[in-house]
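Hello,

Here is the structure I promised to pass on. Please load it before reading the rest.

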Amino acid sequence: MEVRRRHAQTPVNTAGKGNGGGLSKVQASDALPLPIRHTNLLFSAIFMASLVYLMRRWREKIRSSTPLHVVGLAEIFAIFGLIASLIYLLSFFGIAFVQSVVSSSDEEEDFLSHAKTSACSAPSPCTLLGPSEVSSEKLPEEDEKIVSMVVDGKMPSYLLESKLGDCRRAAGIRREVLRQITGKNLDGLPLDGFNYDSILGQCCELPVGYVQLPVGIAGPLVLDGRLYYVPMATTEGCLVASTNRGCKAIAESGGATSVVLKDGMTRSPAVRFPSARQAAELKAFVEAPENFETLSMVFNRSSRFARLQRVHCAMAGRNLYMRFSCSTGDAMGMNMVSKGVQNVLDFLQDDFPDMDVITISGNFCSDKKPAAVNWIEGRGKSVVCEAVIKEEVVKRVLKTNVQSLVELNVIKNLAGSAVAGSLGGFNAHASNIVSAIFIATGQDPAQNVESSHCITMLEAINDGRDLHVSVTMPSIEVGTVGGGTQLASQAACLNLLGIKGSNVDTPGANARLLATVVAGGVLAGELSLLSAQAAGHLVRSHMKYNRSSKDITKSVA
Ligand code: ADP
């Protein structure tokens with residue numbers, strides 16, 4: 001606190017002096033009509049002239065035996081001038097002397113207090129500020145006290161929201177604590193303009209602000225006979241423009257169509273038995289068709305939207321992995337499926353007392369990691385999206401030809417990815433579009449890993465004139481309720497697509513529609529990027545849209 005106050009004063013003291021930060025004190029002499037140098041010279045001259053005149057007069061009086069106290073008018077003026085100039089000179093030099101003594105002791109105090117601060121700012125967990133980066137933002141006194149308590153470790157930062165009952169205030173205090181501990185300026189990270197209540201206990205803990213991302217719109221995407229304006233949050237230049245071009249090619253060819261093959265979120269607990277034989281007994285039990293009804297009844301108690309579809313097991317020695325798959329309505333469904341799995345584990349424990357539950361999530365699920373099981377079996381929504389792009393549109397909009405595109409796709413997306421040993425990466429840049437739509441619509445961006453699995457197929461049809469293009473994406477994990485979907489910005493983007501919240505008539509329809517829009521966006525993105533590569537335009541367009549033309553040295557300065 002102390003150091004921040006000092007820092008705030010410095011610009012006032014040094015204003016206009018251009019002396020690099022030295023203190024400039026206001027003096028009484030600043031009020032004189034003449035420059036101080038001239039005034040001093042004037043009074044010195046008056047003093048000397050009066051003194052010399054009076055000395056001469058007194059010498060003459062002594063010689064002529066005239067009493068000294070008998071004075072003429074000229075002598076009276078000389079005496080007055082002598083006294084006045086003496087008073088001025090004494091005041092000026094005397095006060096300057098006193099000021100110099102006082103200011104030197106002030107400077108000593110400044111130096112001592114600065115030395116104390118410097119000693120405290122040696123790198124340590126309680127480090128206080130790097131003054132050059134510290135903002136002069138002032139908190140109310142009461143909040144300053146709370147800041148000190150958190151800095152001193154007397155109050156945990158994570159308790160601020162519950163103790164204060166005011167999420168915005170808690171974030172402001174936490175931010176100030178961070179500023180004091182690190183000495184780093186957070187000015188570019190906004191604090192205001194965000195509803196911190198909306199993330200409490202659901203989206204983000206220990207908030208200190210929010211990151212801004214631009215949202216661009218690609219479209220209209222003509223998909224299954226409807227028009228969608230697709231929101232994409234990204235900082236990658238070219239991406240929205242390129243997807244937009246793909247949307248145009250699709251629209252001018254009559255639109256794309258999609259089909260949802262599967263809709264099921266998965267969770268796979270890992271359990272261990274004393275022997276592999278016992279583990280195999282449980283595997284046989286959960287996979288037996290006659291037990292499915294019982295298991296699904298237990299599982300479905302977790303939510304009115306959770307419906308068990310299948311349990312797929314795998315073993316590793318005496319460890320058993322049971323991959324539960326269920327529909328989850330309009331929620332992406334991780335919480336829902338986890339609750340259902342917990343219900344089943346509790347139920348099984350009675351009949352299989354030797355079962356040791358190692359973890360509710362044993363990575364056979366598989367969440368947020370590349371895994372063949374998702375690529376082959378699917379997770380979330382499995383979608384295929386296709387379109388036929390007319391020869392004329394390929395030439396006019398995509399600036400290439402059908403044959404070049406088909407050849408490029410085989411060599412790059414199929415053979416090239418096979419050479420790379422790719423897992424679900426038989427595409428040009430599906431993850432670009434998936435991530436941008438995920439962030440804009442409040443999905444979990446980490447699920448981009450499996451949601452971007454995609455194989456892009458291009459074929460020449462109608463005697464080689466037109467292009468059949470498709471994307472097959474087995475693991476698109478999206479929801480329109482829960483998680484980040486309820487935040488204001490993200491909900492606005494879902495609203496733009498007409499799928500905000502839950503679908504009352506057909507639970508799950510909104511989330512499935514979002515998955516098809518993601519696949520449609522990927523279709524557009526694939527078409528455009530492949531065309532740019534086929535036509536050799538890629539580097540040129542990236543130079544134009546993706547590389548800043550600003551003078552970076554100026555921005556840094
Ligand atoms: P997730 O399971 O994706 O993590 P949440 O558990 O955060 O999602 O959100 C799902 C919640 O939303 C559940 O409490 C569920 O009852 C509720 N909900 C309301 N409408 C729907 C719907 N149409 N589909 C799915 N869940 C819904």
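Below are notes on the aromatic pairs and on one threonine.

Please keep in mind that this is a predicted model.

Aromatic pairs

The count comes to six aromatic pairs. Take Phe194 and Tyr196. Their ring centres are 5.1 Å apart and their planes meet at 65°. Planes over 60 degrees apart count as edge-to-face, so this pair is edge-to-face. Phe194 is partly exposed, at 29% relative accessibility. Tyr196 is buried, at 3%.

Phe285 has 24% relative accessibility, so it counts as partly exposed. Phe352 has a relative accessible area of 13% and is buried, because the limit for buried is under 20%.

Thr441

Where is Thr441? It lies in the loop between helix H14 (430-440) and helix H15 (448-451). Thr441 is buried, with a relative accessible area of 0%. What does Thr441 touch, not counting residues up to four places away in sequence? The list is Pro231, Thr485, Gln490, Cys493, Leu494, Leu497 and Leu514.

Best wishes

Methods:
Residues are numbered from 1 along each chain as its sequence is written. This is a predicted model: local features need pLDDT of at least 70, side-chain atom pairs count only at pLDDT 80 or more; totals for chains, interfaces and linings use all residues. Side-chain values use heavy atoms; hydrogens and water are left out. Rings of Phe, Tyr and Trp (its six-membered ring) pair if their centres lie within 6.5 Å; planes under 30 degrees apart count as stacked, over 60 as edge-to-face and the rest as tilted. Buried means under 20% relative accessible area, exposed over 50%, partly exposed in between (1.4 Å probe, protein chains only). Helices (H or I, at least four residues) and strands (E, at least two) are DSSP runs, numbered from the N terminus. Contact means heavy atoms within 4.5 Å.
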